[in-house]
Amino acid sequence: ISSVLARILFCPTLAYNVVMEKISSRDWYNRVDPTVILGALHFRSMTEELVQSEKVRGVITMNEEYETKYFCNSAEVSASLLALTLYIHCKAGRSRSATIAAAYIPHQGGPEEACKMLASVWPHVLIRSAQLEILQEYFKQVWFRVQNWQTFKENFNNKINTK
């Protein structure tokens, strides 16, 4: 029943997002760092602007197929048009895509700090508790290994350089 409700409410809530972008201070997308843009649904009409102005080279779509079918470029068209930066989106750019962006951004303070950083450039980010738990586990597993690998390399290089 929830998937049927989601399909019924998709267009009205998408229209709400479009209106909010027009009448409020909410932007459709914002740059998170030099390589990542977080935003709402990547409309076909935005492609040229994103490629030319923002140098987008890839798109991560956190949508169901029915949500993108009539509004977005196909994967093949996107692959042939895109140039330098990653655009991560879902319908509104608040939760699903923000979770992926928070996981993508290396942040020393962990997932909470990554989410705060996202919210500083994209104020309507809404990371729910279940998503934060997933991010905490991800940071524990992935960034812990990265930090251990960097420490190992530094120690190894120090031993080699002192010989």
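Is E67 buried or exposed, in terms of relative accessibility?

Modeller: This is a predicted model, in which local features need pLDDT of at least 70 and side-chain atom pairs count only at pLDDT 80 or more, while totals for chains, interfaces and linings use all residues. Residues are numbered from 1 along each chain as its sequence is written, and side-chain values use heavy atoms, with hydrogens and water left out.

E67 counts as buried, at 5% relative accessibility; buried means under 20% relative accessible area, exposed over 50%, and partly exposed in between, with a 1.4 Å probe and protein chains only. The side chain of E67 meets that of R96 in a salt bridge, at 3.3 Å from N to O. Here a salt bridge is a side-chain nitrogen of Lys or Arg within 4 Å of a carboxyl oxygen of Asp or Glu. Because R96 lies in helix α5 (residues 96-104) and E67 in helix α3 (residues 65-68), the pair ties together parts 29 residues apart in sequence. Helices are DSSP runs of H or I with at least four residues, numbered from the N terminus. R96, for its part, is partly exposed, with a relative accessible area of 30%.

By this rule, the count comes to five salt bridges. Another of them joins E113 and K116 at 3.5 Å, N to O; both residues lie in helix α6 (residues 111-121), three residues apart, about one turn of the helix. In that pair, E113 is partly exposed at 31%, whereas K116 is exposed at 54%.

Notes: Helix = DSSP H or I, 4+ residues; strand = E, 2+ residues; numbered from the N terminus.
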